[in-house]
Amino acid sequence: MNTAMDDGRGESPGEQTLRFRAITDDPPSSPPDPERDLEPDAGPDLQRDPGPDAVEPADDLTASGEPQPAKEDSVPDSEAEAAAELEPESDSEGEDPSEPEAEAVSEAVPEPEEAASEAEDASEGAGSSAEEGESRDGGEAREREEELPPEVVEALTSALGALRESVASLRFGLDLPGAEEARKASGELLAQLDDYVLPRVRMNTAPALIVVAGSTGAGKSTLVNSLAEKNVSRTGVRRPTTGVPVLVCHPDDRPWFAEGELLGGLRRLDQARSDAGPRSIVISSTEKLPQGVALLDTPDIDSVVEEHHEIARRMLDAADLWIFVTTAARYADAPAWNLLRLAKERGARLAIVLSRVQDRARDVVLKHFVRMLTEYGLGEIDRFVVGESKVADGRLPDSEVTDLRLWLAELSVDESRRAQAVRETLNGVLDSFRTRVPALAKHLETQIAFRGDLRRDVESAYLAALTDLDKAFRSGALIHGEVLARWQDFAGSGDLMRSLQLRKRARSGRQTPERIIAFRAALRTGLESVIVAAATRAAEEVNARWRHRAEAGAALAKGLERPSDDLVRHTGRAVAAWQEHVTELVRTEGVAKRSVSKLVSFDADALSLIFMVAMFSGGNVEGVPHRLVKALLGAESLRGIGAKALSDLRARIGMLFDEESMRYVQALDSAGVPDESAATRLYQATYNLEVAR
Amino acid sequence: MTTVTPQRPGLAPRLTALSKLVELGPGRLDPKLMAEAESLLLRAGDRLKLSSEHTVVALAGGTGSGKSSLFNAVSGLELSPTGVRRPTTARTHACVWGLEGAAPLLDWLQIQWRHRFARASALDKGEGQLHGLILLDLPDHDSIRALNDNEADRLIGLADLVVWVLDPQKYADASTHRRYVTELAGHEAVTVFALNQADRLSPEELAELVIDLNDLLRREGVEHPTVVPTSAVTGRGVESLKSVIAAAVSRRRAAIQKLEADLRKLEQRMSAAMPVGEALAVPSAVDEARKMGLVDALCDAVGVPAVGEAMENIYVERSNRWVGWPYPRWIDRLRPDPIRALRLEDVSDEIKGIATGTVSAQAAEVTNAVQALAEGLSGAMDPVWRSAVHHAARSQLGKVPSALTKDLTEVAPQLDRVPGWWRLLKVWQYALVAAFGFGLLWITLGLLVPGALPPALELMGDTAALPWAALMTVSVLGLGALSGIASRNFVELGASRERERLEREMRRRVAGIAETMVVEPVERELARHHAFYTALRSLSS
């Protein structure tokens, strides 16, 4: 027992019949005999079931092509189709371009609006199939509105290539919320471009790839085996059963898949092997499948083996049509609906198979399922029901899959419809790029913005540290503790006075007093500790800010909680060098005041120390050190030395801090985030793609 | 009816340890773990208070696995509606064998009144072994309905024993395994897997499936899974499921076992998040060496040695004016003063004023010292605790420099102090100067005008006495120099003694401040760290 579900289908019959007409372009060689034989058989068989329902106009997508006999009521359709059926023999080339339009108009009498769009459809279908015919026969030049003239293909290919390039170059180095998704999405996008979009655009004549997907234990492999009438895919009670996707097609189509670019990244196998990696696919062929359609049995979407979900997703991304298989026990599972939502988002052509339906539950389950589908906005999808029946040798009884077989056969013979289905899915995928690529770009921008924020954190923390230091120098914070004590010692013990000498007294070769050395050392330690404290504070500040921002910031800051180990050493060196520099300045530039130097000589070491104290005493110009150095060096030269000494100190500290902050910048850079142009390139590539379409 | 809970010794101390962790954990332990620990503690408290005579058994599983059918098969009544629409059950149903004392438990489980059923009469039918069973039929966890409903999750957590109802179609679903089964390691005693709908398979298929399921469960960490093939339709296996349940019910241990398993799991996750490892080797107090190090560093920040040295130098320098031999001073004063040459006369007074012996602490050095202490102590700690120690060390950092300054200024040396003996010596020196002057006068007079002296001074005219007078004068000069040197030595001795005393006193005060403002907060944190890991260890043992 198999019935096409007909609840809630609102499709007009015209659409299908119209599309069907395009069969005219079938090259004489292509429809294989078995199919031709099948049709008359299938037709009546199918008719028996929906017969009583035939009053309802719609619903015969599953059977739309063949069952003309039963459709006498819809006269124009059958006429058109009759014509169509005849055409392959009579009309080999040079079809009148106006003919399909004219027919469309004549058919569209009941609903003019729809007719217009359908006329387009029809011509589109005709166009693409014309192209097919052309490429297969190799000779025909049709100047009809071809859907994909070579230059369009070229433009599209190059636009897609550019998109591929910019997606491939993406790196989402920062583990921000959504980064994992973005990485996955970009991987999927890339795989889909390689596996499906690029090959599909280049060779839009390839057979349609129908992917059978669904939950584990839903009976995907059984279904494929039954349709192929050959055990191409292993079945069994163990879940999950299928791990490697199995593609089955007509022998004539085999080269397309065995050598073609579709799913190019996967290793081809002749039969399932236990060592088959996750990136392989089994290809087998059978005469029982009609030409032009290939079935792909995929791993599940919801078992414990999570690699399967990815493989299934990848297969779905490469599909021209989806057959979604679920069961009476599963139709409310969350993963199933996630997949349906995905199909809807991608605009993929979809058919649903509800299998393992027990006879007694059939009506209730169907009704409920259809209601759910309708609520989900999927009420108009082709649906098939497979009853719960004894599975023999991995296959269902033939009677259960007749509907589906017919559907496939119809796709096979009706090239225009197949081409349209292919095109719809391709368009859906290309449409999905409109949101998917900008979403990636958006996340990239988030990453770039985040990196900018983190970098600004570093900059502002070290800038604040520099400002703090400046303030400390000015406020006299340095003249505390040991420095103060040494200064008192220096002044109070008379060394200060002794360092000033009258000119006429010759210098005895005395060495620098111990006290001056100690004072100098104290100043150095004080300065060092102020700088180190500021650097430590800055490092902590950066850490706190990064941590506060996000997990990713905390991960980046790992190992950078403290200033670098070299900081103290480098600071010591920098401060010592600065002191040298100041002494040198005092010695060379401090001679300006002639009037004083005639009277008094001074010890440059001591004077430079007094100068430093004066400098770090900040605004206290009335203080002893300030007045002393002013008297000794003169106001002019004091200002010069002061400015030089301060800027030199700042420069040295700046260098130290640069070195410190560089560690954070390096951590950021090593995370690997492309620059702003990558996001722009993405937008540009999306735009170009739209233009090329 | 609550009876004394028959607890194996072990659960109570471990719950105590857990409550200790909950008490010490905030801000240190991952908030998620923290919340789980709190809820487990609460749940354990609640469950142990409630009837220990009852065992809550939940039937859980995906939609369409036949939970309700199995529920009805076990209870022997059509209590829970079954159907072909998915999902069927949205509310939990409960069936109680032996009502007494079950009501509070059912209230706690939040089972609605209209979904409660009693099987009191079952006792007559030889189901006495099921007495005390509360069987729950849960809603599914994997349908689109369950996305917005955590009823199943909640009750899977609360139930004492969970029967996972699997079926041939869905037994390997990620939604069951990833979310629940992988979490079940250690829960073997309180978990049963019922492979339902066995009637759909041939015996060979069933055998293969059972093996596969066992393997799958073992791979996910369920060491010894109890798998019972059942069929609610044919009734096959329902009896064995019943007997598995009855065994658990009659032991009255499932509730405890469940809590123990949950506790173990939580403990493992805590230990993974914060490995006890070397944590207990971290001292719970600041050792003497570190304290010394801190005090040294703080002393340096104040400049204690420099203050002492300055005090000594200045003291000695100043004493020179009192106890020194006056002549060099006078000679010095005759020299031209460079300060005066620079017309900075008032500066020299100010320079004297600089040496007032004020003490202050350098804030940056204090910060670095405290930082170093925290760094040294927390080096081997978990980052969270490390930052907690740092935080504790710095809790009063802002006040430390001013406290040091204030406290040490009190003991700062009084440099303008003049001891009495200095004055005496000054008088003595001047007396010697006077004596020297007198001697000079004697000699001068004796030599120049020996006869012209008044009678009162005739001794001076005595030329024979002159050499003696000269000798005396020189001696007076020498005495002055000698006493100058001696008293300077004396001053130096006193100053260095004073310096030692001062340094000791300052150090003592610095240590006091370090103790109260730095070490104590740090030690509180260290003690907390220690207590936390001790509790964690006793939880795991």
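In which hand does α7(A) pass α10(A)? In this predicted model, the crossing of the two helices is right-handed. Helix α7 of chain A spans residues 179-202 and helix α10 of chain A residues 306-317; their axes come within 9 Å and cross at roughly 50°. The pair α7(A) and α10(A) is therefore oblique. On the side of α7(A), the contact involves A:Glu188, A:Ala191, A:Gln192, A:Asp195 and A:Tyr196, which meet A:Arg313, A:Arg314 and A:Asp317 of α10(A). By residue class, this contact of α7(A) with α10(A) comprises five charged, two nonpolar and one polar.

Helix α22(A) contributes A:Val629, A:Lys630 and A:Leu633 to the contact, and α23(A) contributes A:Ala635, A:Ser637, A:Leu638 and A:Ile641. Here the residues of the contact of α22(A) with α23(A) divide into five nonpolar, one polar and one charged.

Chain A also contains an open sheet of eight strands with mixed pairing, in the order β3-β4-β2-β5-β1-β6-β7-β8. Its edges are formed by β3 (267-269) and β8 (382-387) of chain A, each of which pairs on one side only. On average, and with direction ignored, neighbouring strands of this sheet are turned by 25° against each other. Within the sheet order, β6 stands beside β7; strand β6 (residues 321-327) and strand β7 (residues 349-357) of chain A pair in the parallel sense over seven bridges. One of the residues concerned is A:Thr326, whose bridge partner in β7(A) is A:Leu354. Helix α13 (residues 398-413) of chain A packs on the sheet, where it touches β1 (208-214), β5 (293-297) and β8 of chain A. The direction of α13 makes about 145° with that of β8(A).

In chain B, seven strands form an open sheet, again of mixed pairing, in the order β3-β2-β4-β1-β5-β6-β7. The edge strands are β3 (116-118) and β7 (227-229) of chain B, which each pair on one side only. The twist averages 20° from one strand to the next. Strand β2 (residues 93-96) and strand β4 (residues 133-137) of chain B pair in the antiparallel sense over four bridges. In this pairing, B:Cys95 has B:Leu135 of β4(B) as its bridge partner.

The contact between the chains takes 58 residues from chain B and 55 residues from chain A. On the side of chain B that touches chain A, the elements giving two or more residues are α6 (174-177), α7 (203-219), α10 (288-302), α11 (304-323), α13 (338-341), α14 (345-354) and α15 (363-378) of chain B. Helix α11(B) gives the most to this side, with seven residues. The side of chain B that touches chain A divides into 29 nonpolar, 14 polar and 15 charged residues.

Finally, an unreviewed UniProt entry lists residues 427-448 and 468-491 of chain B under "transmembrane region". Over residues 427-448 of chain B, the model is 100% helix and 0% strand, and the end C-alpha atoms are 31 Å apart. Residues 468-491 of chain B are also 100% helix and 0% strand, with end C-alpha atoms 33 Å apart.

Key:
Residues numbered from 1 in each chain as written. Chains lettered and ligands numbered in written order. Predicted model: local features only at pLDDT ≥ 70, side-chain atom pairs only at ≥ 80, totals over all residues. Contact = placed C-beta atoms within 7 Å. Nonpolar A, V, L, I, M, F, W, Y, C, P; charged D, E, K, R; others polar. Axes fitted to C-alpha atoms, helices over the stretch in contact; angles between N-to-C directions. Parallel < 35°, antiparallel > 145°, perpendicular 65-115°, else oblique. Left-handed = near helix turned anticlockwise from the far one by under 90°. UniProt positions renumbered as here; feature names shortened; annotations may be inferred. Pairing = 2+ DSSP bridges.
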